[in-house]
Amino acid sequence: MELRLGIASRREVRSYDDRPIPDEVQLRILDAGRLSGSSKNRQPWRFVVVESPERRERLAELVYEPENIRGARLIVAIAVNGKGPVTLDAGRCAQNMLLAAWDLGVGGCPNGMPDRQAVTETLGLREGEEPAIVLSFGYPAKPRDPASRPPEEWSARANRKPLDELVERV
């Protein structure tokens, strides 16, 4: 899909159907994260794909919206390590993955964590690593057709502040 259309039409998807996400689609989503830029090209991240049913359930209890995890067909935690803009780098990874997924017809949602230490333990992260974000993915239970309207119409319908409230030229 055209990039502007993908950006304008992508919304958080929190309810997924039962279809599995094929391995090749999962790899394309993960590779989009790998390709994102990072400070000094250090790539201070690692992607933890949560497959174990026990860990998935424990993780579900550690995010703000457990059903996002329980219904997902792919769960990816972005673990970061180091100093500097690692949260910015993780955000860039997450956005790349979410946009790549949307381009492939897969919805996704970032999931906040009130207890990062418990998530660290549940994921078995390495010393010095911490979870930046947990992403849930799946085919949308209510499919949305990005091509059903132009990017400008998606943008106008977005529940976002208008640009004139966000942009200040100095």
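1. Contact here means heavy atoms within 4.5 Å. Helices (H or I, at least four residues) and strands (E, at least two) are DSSP runs, numbered from the N terminus. The model is a predicted one: local features need pLDDT of at least 70, side-chain atom pairs count only at pLDDT 80 or more, and totals for chains, interfaces and linings use all residues. Residues are numbered from 1 along each chain as its sequence is written, and side-chain values use heavy atoms, without hydrogens and water.

2. Helix α6 spans residues 116–123, and its buried residues (under 20% relative accessible area, 1.4 Å probe, protein chains only; exposed is over 50%, partly exposed in between) are Ala118, Val119, Thr120, Thr122 and Leu123. These buried residues pack against β1, α3 (53–60), β2 and β4. Just after α6, glycine 124 has a positive phi of about 65°.

3. Four strands form an open sheet in the order β1-β2-β4-β3, paired antiparallel; two strands pair if DSSP finds at least two bridges between them. β1 (45–49) and β3 (107–111) are the edge strands, each with a single partner, so one side of each has no neighbour in the sheet. From one strand to the next the twist averages 25°. β2 (residues 74–81) and β4 (residues 129–138) are joined in the antiparallel sense over eight bridges. Alanine 77 has valine 134 in β4 as its bridge partner.

4. Helices α2 (residues 23–34) and α5 (residues 86–103) pack at an angle of about 150°, with axes 7 Å apart. Axes are lines fitted to C-alpha atoms, for helices over the stretch in contact, and angles run from 0 to 180 degrees between N-to-C directions. On the α2 side the contact is made by Arg28, Ile29, Ala32 and Gly33, and on the α5 side by Cys93, Asn96, Met97, Ala100, Ala101 and Asp103.

5. The structure holds one aromatic pair, where pairing requires ring centres (for Trp, of the six-membered ring) within 6.5 Å, and planes under 30 degrees apart count as stacked, over 60 as edge-to-face and the rest as tilted. The ring centres of tryptophan 45 and phenylalanine 47 are 6.4 Å apart and the planes at 10°, so this pair is stacked. Tryptophan 45 counts as buried at 12% relative accessibility, whereas phenylalanine 47 counts as partly exposed at 22%.

6. Glutamine 43 lies in the loop between α2 and β1. Its phi is near 45°, a positive value in a residue other than glycine. Glutamine 43 counts as partly exposed, at 32% relative accessibility.
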